[in-house]
Amino acid sequence: MITREEEKKLESLGAFEVSHNMLKLAKNNEKHNVFLNAGRGNPNWINTEARLAFARIVEFGVLESQRTMHDGNLAGYTILDGIRGRFESFLDDSKDIDKFLRNIIEYYTNELSIDGDQLVKELVDGAVANNYPVPSRCLVNIEKILNMYLQKELYNGVDLKDKTSVFPTEGGTAAICYIFNSLKENKLIKPGDKIAINTPIFTPYLQIPELDDYEMIEIDLRSKEENKWVISSNELSKLEDESIKALFFVNPSNPGSKALDNQALDAIAKIVQKRKDLIIITDDVYGTFVNGFQTIYSVAPHNTLLVYSFSKLYGATGWRIGLIAANEKNVFDSLIEKLPEEELKKLDERYGLVTLEPRKLKFIDRLVADSRSIGLYHTSGLSTPQQVMMALFASTALLTKEKDPYIESSKKLVASRYHDLFSTLGIDEDNSKENAKYYSLIDIYALAEGHYNSDFRKYLENGFEPIDFLLKLAEKNGVVLMEGVCFGATPGTLRVSEANLPDDAYKKIAKQVLELLSEYYSDYEQQK
Ligand SMILES: *Cc1c(COP(=O)(O)O)cnc(C)c1O
């Protein structure tokens, strides 16, 4: 058995490390139950259409390359002239995937007035990947496609696609690292600065600002269970404090899964009218799991950098594909312009290595240069197959005119798991449209009070470390969940991911939680 001292030590680790420690316990659980790990946010489904399309483009790319040189496994380069026509003859309409590809070419050449040969060549060369990414920030037609996708899925009708620049990155993970780093390098955030964060939140947003490299002061904009994880306008009004430099927001949140509603978005739009210098980073990785989702970027475009990832929706965490989007006109560029001359001179030296006019280098391009330590700017940019894969995932959504059946299915999947979990636990479900249901937080103390009484709740709160229930759940019952405290939630809350386990697991998890709770209750009764 683990002692209370050992539990305290574990509580000082990050959520992902604690979870890792529990896996062994759970696999050898005392009850010999099937091991269930609901700690993971990695989805257990994939999008097939975009992947098959990618494979077809590679196949065509090889044939096309053999037209210019062909000696065994050695082939040449593709040729622009007439490539669209050759691609269309290659496609076989008895195959659904080929019809999809034909529609892609037709749709983008019409909608975006892109030259068909240019588009096909970009996709084919990108998939064959025989050139560095040029332009390094983003391939030109792929940027247009990504902009259409962001607009359709995240802006809720606001038209920003022609005013937005995109930087594809190695997942949302790299996007977050690059942003923190470039904000620091460009003196937009400094040690001692106050930054606001919507808690509970994805752990890196809590951990990175506290590192020695950053030493920032975190101001929590709290959402609470009793408000169904909705962030109140009172909390948002903290942003009127001029000493707060930046707002880091995950929307819908992880682990609360709640998206900002219209009222909160209006409040933010009003705040940035007063606080024109406020920096906002919004991480909208789970946006598509909410009906009628709207991003902060669409209500405060000049203040906001948007982070998106294809990992979760398309089951593509291994591809490492995400992006940073910024408006052409933005607070990042104007804050850099207003830096003291001394700071600007230092930045001239830094970016002068890659451009003759460093002061004209936009923040989004600084992100690209910084992502490869400036010195390797000429070989920066996301790998071209990754960019093509993103464009293909985006196309699966764009080619369905209204609601995308794939996105609808993914929402239904997590929602039915959420329903199984909550109804079996006997907790009220939150069926508001802002609930993404990708994760949920279960308050063990509230559950104890609801199923038993408030005295039993106090016994749990006072008699055990908050992590005790989580560890016993692994050790005895073989179920791994995640500690909410690490995400900035209150003690005793556990995060369940609705993404990663077979559908029938969620009722089982709920039953194991209730069973363990009843065992605590027997001990409590005996001690009374
Ligand atoms: C999963 C996740 C990410 C990281 O996504 P990747 O694209 O897989 O790196 C970023 N932000 C949040 C809130 C996440 O939950």
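**Close-up 1. Helices H3 and H5 cross at roughly 80°, their axes coming within 9 Å.** Helix H3 covers residues 49–65 and helix H5 residues 96–111; helices here are DSSP runs (H or I, at least four residues) and strands are DSSP runs too (E, at least two), numbered from the N terminus. Axes are lines fitted to C-alpha atoms, for helices over the stretch in contact, and angles run from 0 to 180 degrees between N-to-C directions. H3 is therefore roughly perpendicular to H5, a label for angles of 65 to 115 degrees, whereas angles under 35 count as roughly parallel, over 145 as roughly antiparallel and the rest as oblique. On the H3 side, Glu49, Leu52, Ala53, Arg56 and Ile57 make the contact, and H5 brings Ile97, Asp98, Phe100 and Leu101; contact means heavy atoms within 4.5 Å. By class, the contact of H3 with H5 has six nonpolar residues, three charged residues and no polar ones. For this count, Ala, Val, Leu, Ile, Met, Phe, Trp, Tyr, Cys and Pro are nonpolar, Asp, Glu, Lys and Arg are charged, and the others, Gly among them, are polar.

A word on the model for all views: it is predicted, so local features need pLDDT of at least 70 and side-chain atom pairs count only at pLDDT 80 or more, while totals for chains, interfaces and linings use all residues. Residues are numbered from 1 along each chain as its sequence is written, and side-chain values use heavy atoms, with hydrogens and water left out.

**Close-up 2. An open sheet of seven strands with mixed pairing.** The strand order is E4-E10-E9-E8-E7-E5-E6, and two strands pair if DSSP finds at least two bridges between them. At the edges are strand E4 (164–170) and strand E6 (217–222), each of which pairs on one side only. Ignoring direction, neighbouring strands of this sheet are turned by 20° against each other on average. Look for strand E9 (residues 304–309) beside strand E10 (residues 321–327): the two run antiparallel and are joined by five bridges. Ser309 stands opposite Gly322 in E10. Helix H8 (residues 171–185) runs at about 115° to E4 and lies across E4, strand E7 (244–250), strand E8 (279–283), E9 and E10.

Close-up 3. With 14% relative accessibility, Glu143 counts as buried; buried means under 20% relative accessible area, exposed over 50%, and partly exposed in between (1.4 Å probe, protein chains only). Leaving aside residues up to four places away in sequence, Glu143 touches Arg137, Cys138, Thr164, Ser165 and Val166. The structure holds zero disulfides, a disulfide being a pair of cysteine sulfur atoms within 2.5 Å. Cys138 is buried, with a relative accessible area of 3%, whereas Cys177 is partly exposed at 41%.

**Close-up 4. Helix H15 (residues 363–371) is mostly covered.** Nine of its nine residues are buried, including Phe363, Ile364, Leu367 and Val368, and also Asp365, Arg366 and Asp370. The buried residues of H15 pack against E4, H8, E9, E10, helix H13 (331–337) and helix H14 (341–351). Just after H15, Ser373 takes a positive phi of about 50°.

**Close-up 5. An open sheet of three strands in the order E11-E14-E13, with antiparallel pairing.** Strand E11 (439–443) and strand E13 (482–483) each have a single partner strand, so one side of each is left without a neighbour in the sheet. E11 pairs with strand E14 (residues 493–497) over five bridges. Here Asp443 has Thr493 as its bridge partner, and Ser440 stands opposite Val496. E13 and E14 pair over two bridges, with Glu483 opposite Leu494. Five of the five residues of E14 are buried, so E14 is largely enclosed by the rest of the structure. Thr493, Arg495 and Ser497 point one way from E14, while Leu494 and Val496 point the other way. In a regular strand the side chains alternate between the two faces of the sheet. Helix H17 (residues 405–425) lies across E11 and E14, running at about 10° to E11.
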